Structures are given as structure tokens and as C-alpha cells.
Amino acid sequence: MKFGFVTCVQLGLSCIEEIYNIGGQLDVVITLKDEKAKSKSGRIYLDDISSKHSIPLFKINHINDKETIDLIKSFELDWLFIIGWSQIASNEVLESVKYGCVGMHPTLLPLGRGRAAIPWAIIKGLDKTGVSMFKLDEGVDTGDILGQVEIELDDKMTSTVLYNLVDQAHITLIKNVFPTMANDKVKLVEQDNSLATYWEGRTPKDGEINKEMTVVEVDRLVRATTKPYPGAFFRDGDKKVIVWSTSFVDKVDLESISFKLRDGFLIPQEYDIVDNE
């Protein structure tokens, strides 16, 4: 079996490292050109690992460029991992590999197709989420499943912790599924579209706390949008209070920083105060 890997973030690099930890190998790795996406969160470079394992490394502008597709075809790959990559692969890319392209999504598909999976899992008060490895197709997170890892949630889970658990689940999936792919024993499971849900993208403005919200709703919002996300916030005059962690009380004294909710008061524990935008 011949494998390729497309990534430009730390999570993808961790998956590549795990492939070699379990005795696997890649025939090519592809990443962005050095000057692109320098400010992208988690942006990494693959020069060291490609040199260490003598993997051909190619740097591209876009996954759908003709020269990139011709490059992929030239390696006659059986499988191509596209993980930690914001560019959506075209159907021509998906068809340039014998068995297909593989992605990861941080939910238990078909639940939570779409975006902002980590915050939504907390905001919705789910008791579990996970990561799915799936075959990419023309839909949004609709392809056949190769494997899944469940992650239990509780009413203390923050996005900071869940983000790290999701990262580890990616590595676990590589460890569990890659050998079956290498031995041509992978089992594809079709998603049950009748159970599918779709989660919309979120923006920093969606983190605003208002007085009609309950303590439970705000608690989930704060835990869901804390670091590495932009944070929940409320407005205090010409200032904005960004809340990273909080507590709740029934009564407050006049000197404390607080925000009145429908059924209690928010008391910021870790927070920043900035000018209103």
C-alpha cells in the first residue's frame, strides 16, 4: 500500500509521527509553501520529519491546483490523508487516489457534521463526543467511516481540555486504523443519514452573554469558548469583559465585577478587560 499525507498543522504532524511510531511509512508528504499561512494557528513545517524518514516533501499553494493533482497522481497512491488542512479538496483530488482520501472530524458522525464541533459539543450539553476517521466525498462530512474514538464529557469539561482530548483521539485512530489500511483489511461503514445533524459555524460575536441567559447556558458558553477559542464576553459600559472561567452566585456586593443573568449572577474568575469594538 502506498500512502500520502497532506497537512500544515501540529495535529497532522503528530499523526505522521504516530504512523512511524507503529512501523508504518509514507510515500509523500505535502504541505503549504513556507510563506503561506504564517499566522495560521498551529502552523508547522514538515522539513525535519521528511528529512528524518527520507519522505519526499512537496510545498504547494493549493490542493486543487492542476500541478498538485498531477503530483498526487504521479505517486499512484492507494490512500491520501488530508488532515489539518483548511482547503476543501475537489472531486478531482478525491479521485486521484486508488482507494480514496481520508479526513478526520471531531464528532461521532453522522452527528455534528459541519463546523465548530468542539464548542458545540459543550454548548449542547452532550454526555459524549469523539473523533471520526472517514473517507472524503463531495458532501460535508458524509463519507464512509473507517473508525471512531469516543470521548466522555461532563459538566466541568472545557474546550481547552476537550481540544487536547480530540488531538489524542486523532493519534489513537491512526494507531488503530492505519495497520488495517496497510494490510488492505479496512472496513468502511456507511453513515446513517437519518441520524445526521449539522452544526453551523461560529464567530467571536456568538460568545456574547446577555441578561436573558440562564446560569446553565452561560456556564456552558464560557467552558465552550475558553482558550484556544476567543472567549465568552459581556459588555460593561465602554469595556468588554472576556470571561475565561467563572463562578455563579445568587447575590453580589456592589464592588465585585459581575453580570446579572436570568437566575443568578456571573462572577468572572479569569478574565480580560478590553475596549468595546
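Tutor: Two strands pair if DSSP finds at least two bridges between them; strands (E, at least two residues) and helices (H or I, at least four) are DSSP runs numbered from the N terminus. The model is predicted, so to speak of a local feature takes pLDDT of at least 70 and to count a side-chain atom pair takes 80 or more, while totals for chains, interfaces and linings use all residues. Residues are numbered from 1 along each chain as its sequence is written, and side-chain values use heavy atoms, with hydrogens and water left out.

Start with strand 1 (residues 3-6): strand 4 (residues 79-82) pairs with it in the parallel sense, over four bridges. Look at F3 and you'll find W79 of strand 4 standing opposite. That pair belongs to an open sheet of seven strands with mixed pairing, in the order 3-2-1-4-5-7-8. Strand 3 and strand 8 are the edges, each pairing on one side only. On average, neighbouring strands of the sheet are turned by 20° against each other, direction ignored (axes are lines fitted to C-alpha atoms, for helices over the stretch in contact, and angles run from 0 to 180 degrees between N-to-C directions).

Helix 1 (residues 10-21) lies across strand 1, strand 2 (28-32) and strand 4, and runs at about 155° to strand 1; contact here means heavy atoms within 4.5 Å.

What about the greasy side chains? The largest nonpolar core has 59 residues, and those with the most contacts inside it are F5, L26, F81, M133, L162 and M181. Such a core is a set of buried Ala, Val, Leu, Ile, Met, Phe, Trp, Tyr and Cys residues joined through side-chain atoms within 4.5 Å, where buried is under 20% relative accessible area, exposed over 50%, and partly exposed in between (1.4 Å probe, protein chains only). Helix 6 (residues 159-182) supplies the largest share of this core, eight residues. Apart from this core lies another, of 13 residues, including I209, M213, V222 and V241. Zoom in on L162: leaving aside neighbours within four places in sequence, L162 touches I118, A121, I122, T129, I151, L153 and M157.

H62 is at 28% relative accessibility, so it counts as partly exposed. Not counting residues up to four places away, H62 touches T68 and Q87.

Most residues other than glycine have a negative phi, and most peptide bonds are trans. A116, in the loop between strand 6 and helix 5 (117-123), has a positive phi of about 55°. D141 also has a positive phi, near 60°, and sits in the loop between strand 7 (128-135) and strand 8 (145-152). A116 is partly exposed at 24%, whereas D141 is buried at 12%.

There are cis peptide bonds too: L109 to P110, with omega near 15°, and K227 to P228, with omega about 15°. P110 lies in the loop between strand 5 (100-105) and strand 6 (113-114), and P228 in the loop between helix 7 (215-225) and strand 10 (232-236).
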